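Got the model open and ready to turn around?

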Amino acid sequence: MITGAILTIPPVAFILTPIIKTDVLGDSDVSEQWVKVGHLSEIPKDEPKDFTIQFPITQSYGSKGIQKESGVSNSDYTVRNAVWMSWRSPTGKAQESEPPSFAESLKAGDSISQSQSKEAEKKLNVLSSSCAHLGCPVRWLITEGEGEFLCPCHGGLYDSNGDYVGGPPPRGMYRYTYEVRQDGNVYVKHEFNIKPGIPGISTQQPYVI
Amino acid sequence: MIGRIRTQTSEASKLIVDWMEHRTGIVTMLEHFLYEPVPKRGAWIYTLGSAVLGLISLQFLTGILLLFYYVPTTTEAWNSVYYIMNDAVFGQLIRGLHYWSANFLMAAIGLHMAQVFFSGGYKAPRELNWLVGVILLLLVVGLSFTGYLLRWDQDGFWASVVGIKIGSYSPFVGSYITHFLLGGDVIGPATLSRFFAIHVWLLPATIAPFIGIHLYLLRRHGVFGSDFEYTERLTKLHEQQRLEEYAGYELDEDGQSDRE
């Protein structure tokens, strides 16, 4: 019995390290920092725009501490995400979106006041490009004057707010935790609007992003 | 002169063979392994299993060769595959063989299973060999899945994301499966490392003994379709048909209402 435990537990626990770290201890490979996405003036009035961002990750040998220890670091390990930003539209149609009143006159690099950033936060969609079905990157496609987000893998469809329209996804697109700062830029964290799970007991989505 | 050399060599080789046979029994073993009576009827269809075995052997051999140049890290994986395809001598051939025999392997397995299924080759006493075959199928599917990511190109990357996310829908254990495969909570260097380990060591090492068991069970019961077994089953079938026919007549005699 004890011999059996000595022989099985270490190798099994060894290969299950990621489960122990993520599900039991609740650790994440992605750093919790805010990452700049882009300036409000870059978001067009009538369609969503995609931005590429990178979150530093500390997975296995990509860990910062290990690279510092060895002195060997030929790359910064990151996970690249695409973010779709659009102005919220009450009908879900991109042409009928309602940008804040100051957005029209905003130029690249302009600062905004605190009340303006609050207003922008209310009217902004900050969506993950990862399809809620099986994680393929969605793209904005314009058909017959209207547009929708289409997933190339299995045809999931979302409107310009990222809400579910059709296809296999069980829900709308994932929304980032975001804030609009007074330099006029949008910042996101690697966090999404999902039901929080209990580490080690219940499950949560998304798992792959 | 030449005649003498010929007799001498043949005597010497006979001596070596006898010596080996005496100590290892290798000649009887080879005879036992190589000579197996197969049914005359539809002989070609019985080569499907051998085709699968041949393709898997090819996978092992070309896979070992690819390991000489492949580097399983996020920064170098794609570059090393590019090197194999463009700079390594016969690299395109070796990787092409690995790629295409993997594709044909799936097709050959499908045909092999269909042949066994439609000929009823899974019936007693060969049920366990069918089960072992299904385990082999699942292992090959696992090998195809993990091998796809190792290229670390857009195709393999997104196919693996989709595959891993399919696993995430499993009830209760979804997040465990996902985090086990990812090696963390996002796809990254750990994912490639473990897919490499699973593809190159874990699954091949698991599949080898199961192939052994599959072949052992095949040899123990022989290929289904020998004249004896076949005619026996046909007789049984005819017997059953006759009985059903008689049962029909008897019903007719009792059930007068049918006639009038």
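Two residues count as being in contact when their C-beta atoms, placed from the backbone, lie within 7 Å. With that in hand, take L134(A): leaving out residues up to four places away in sequence, it touches C153(A), H154(A), V162(B), K165(B) and I166(B). Keep in mind that this is a predicted model.

- You'll find L134(A) in the loop that links β4 and β5 of chain A.
- Is L134(A) buried or exposed? L134(A) is buried, because 22 other C-beta atoms lie within 10 Å, and the cut-off for buried is 20 or more.
- L134(A) and V12(A) are 122 residues apart along the chain, and their C-alpha atoms are separated by 28 Å.

**Chain A as a whole**

- Chain A has 4 helices and 10 strands.
- Reading from the N terminus, the order of its elements is α-α-β-β-α-β-α-β-β-β-β-β-β-β.
- Along the principal axes, the C-alpha atoms of chain A fill a box of roughly 70 × 40 × 30 Å.
- Chain A has 209 residues, and 32% of them count as buried.
- Take the contacts in chain A between residues at least 6 apart in sequence: 58% of these join residues at least 24 apart.

**Where the two chains meet**

**Helix α2 of chain A**

- Four names to look for here are P18(A), I19(A), T22(A) and D23(A), the buried residues of α2(A).
- Looking down the axis of α2(A), you'd see its buried residues fall within an arc of 95°, so they line one face of the helix.
- Here's the background: an α-helix has 3.6 residues a turn, so residues three or four places apart point the same way.
- Part of the cover over the buried residues of α2(A) comes from chain B, including α8 (174-182) and α9 (189-221).
- After α2(A) comes G26(A), which has a positive phi near 75°.

**The nonpolar cores**

- The largest nonpolar core has 26 residues, and V83(A), M85(A), L124(A), V126(A) and V186(A) have the most contacts inside it.
- Elements giving two or more residues to this core are β3 (78-87), β4 (124-128), β9 (176-180) and β10 (185-192) of chain A.
- β3(A) gives the most to this core, with 4 residues.
- A second, separate core has 24 residues, among them V140(B), W152(B), F196(B) and I207(B).
- Which residues does V126(A) contact, leaving aside neighbours within four places in sequence? They are V83(A), M85(A), R175(A), Y176(A), Y178(A), V186(A) and V188(A).
- As a general point, nonpolar side chains in soluble globular proteins tend to be buried together.

**A three-strand sheet**

- In chain A, 3 strands make an open sheet in the order β1-β10-β9, with antiparallel pairing.
- β1 (35-39) and β9 of chain A are the edge strands, since each pairs on one side only.
- On average, neighbouring strands of this sheet are turned by 30° against each other, direction ignored.
- β9(A) and β10(A) run antiparallel and are joined by 5 bridges, with E179(A) standing opposite Y187(A) in β10(A).
- The hairpin of β9(A) and β10(A) has 4 residues between the strands, and G184(A) in the turn has a positive phi of about 85°.

- Strands β5 (residues 139-143) and β6 (residues 146-150) of chain A run antiparallel and share 5 bridges, and L141(A) stands opposite E148(A) in β6(A).
- With 2 residues between its strands, the hairpin of β5(A) and β6(A) includes E144(A), whose phi is positive, near 50°.
- β6(A) also runs antiparallel to strand β7 (residues 157-158) of chain A, joined by 2 bridges, and F149(A) stands opposite Y158(A) in β7(A).
- The hairpin of β6(A) and β7(A) has 6 residues between the strands, and G155(A) there takes a positive phi near 80°.

Technical notes
Residues are numbered from 1 along each chain as its sequence is written. Chains are lettered from A and ligands numbered from 1 in the order in which they are written. Two strands pair if DSSP finds at least two bridges between them. A residue is buried if 20 or more other C-beta atoms lie within 10 Å of its own, exposed if 12 or fewer, and partly exposed in between; C-beta atoms are placed from the backbone. A nonpolar core is a set of buried Ala, Val, Leu, Ile, Met, Phe, Trp, Tyr and Cys residues joined through C-beta atoms within 7 Å. Axes are lines fitted to C-alpha atoms, for helices over the stretch in contact, and angles run from 0 to 180 degrees between N-to-C directions. The arc is that of the directions from the helix axis to the C-beta atoms.
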